[in-house]
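Subject: Structure handover, with notes

Hi,

Here is the structure I promised to pass on. Please open it alongside this message, and read the notes below with it on screen.

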Amino acid sequence: MTRAITILTENFADWETALLNSTARLYYGFYTQFATPGGLPVTSSGGMLVTPQLALEEIVLDELDLLMVCGGSHWQSGKAPDLGPLLRAARDKGVVLAGICDGTRVLAQAGVLDTVRHTSNSAGNLLETGYAGAALYQDVPWAVADQRVITAPGTAPVTFTREVLRALGIHDDNLMAYLAMHGAEHGQAAAAR
């Protein structure tokens, strides 16, 4: 069974990883868990209260397939936990790492984005972290995958879902149809302008 953990903080952006977790759990049988600092409940930017299954400090990387950092304003608050050691250890073990929106800042701060192509909400969003991967930044509105590291702006949950699942070996016609259905809105919105 594929195991995935999503890291959440106070004011996490609830839409960013919802499609991925739902698709992975319901259609592909993933065991999905959520972790927060101290294992404490957190409230999303939309007001959804989440009680996690575990604390960040309890994450065990053995047999973990995916470690994902959900975006949210907390990552820029100065109160965010340091995930550097955890993310570097996960990378060393071959765990797929994914960050969306300000979750990409966390990957940058950990040094994970120094040697892989990546994206974020903006280049400046990552430059503020002092990371060394600016030359590999991709200025695109969709998810970027490179060497089992997936990044995306907060506006790209559909391509984020696709790239994370591809990194885990899932790329079938049903998934492509499902994601096309979710992404169709964006093509319609652009055409309506």
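Two strands count as paired if DSSP finds at least two bridges between them. The strands themselves (E, at least two residues) and the helices (H or I, at least four) are DSSP runs, numbered from the N terminus. Before the details, please note that this is a predicted model, where local features need pLDDT of at least 70, side-chain atom pairs count only at pLDDT 80 or more, and totals for chains, interfaces and linings use all residues. Residues are numbered from 1 along each chain as its sequence is written, and side-chain values use heavy atoms, with hydrogens and water left out.

**The sheet**

Strand β1 (residues 3–7) and strand β2 (residues 31–36) run parallel and are joined by five bridges. In that pairing, Arg3 sits opposite Tyr31 of β2. On the way across the sheet, β1 is also parallel to β6, with four bridges between them, and here Ile7 faces Val69 of β6. Next, β6 pairs with β7 in the parallel sense, over four bridges, and Met68 stands opposite Ala98 in β7. Then β7 and β9 run parallel with four bridges; Ala98 is opposite Ile150 in β9. The pairing of β8 with β9 is antiparallel and has three bridges, with Ala145 opposite Ile150.

Put together, seven strands make an open sheet with mixed pairing, in the order β5-β2-β1-β6-β7-β9-β8. Its edge strands are β5 (54–55) and β8 (144–146), each of which pairs on one side only.

**Helices and the two faces**

Two helices are worth a look. Helix α1 (residues 18–28) lies across β1, β2 and β6 (66–69), at about 145° to β2. Helix α2 (residues 84–92) lies across β1, β6, β7 (96–100) and β9 (149–152), at about 145° to β6. Those angles run from 0 to 180 degrees between N-to-C directions, with axes as lines fitted to C-alpha atoms, for helices over the stretch in contact; contact means heavy atoms within 4.5 Å.

For burial, I use relative accessible area with a 1.4 Å probe on protein chains only: buried is under 20%, exposed is over 50%, and partly exposed is in between. In α1, the buried residues are Leu19, Leu20, Asn21, Thr23 and Ala24.

Gln33 belongs to strand β2. Is Gln33 buried or exposed? Its relative accessibility is 11%, so Gln33 counts as buried. The side chains of Gln33 and Tyr31 make a polar contact of 3.2 Å (a pair of N or O atoms within 3.5 Å; within protein, one must be able to donate a hydrogen and the other to accept it, and residues adjacent in sequence count only if both atoms are side-chain atoms). Leaving aside neighbours within four places in sequence, Gln33 is in contact with Arg3, Ala4, Ile5, Thr6, Gln53 and Leu54.

**Positive phi values**

Cys101 has a positive phi near 60°. It lies in the loop between β7 and α3 (103–109) and is buried, with a relative accessible area of 14%. Arg148, in the loop between β8 and β9, has a positive phi near 65° and is partly exposed at 39%. In the hairpin of β8 and β9, with two residues between the strands, Gln147 takes a positive phi near 55°.

Best wishes
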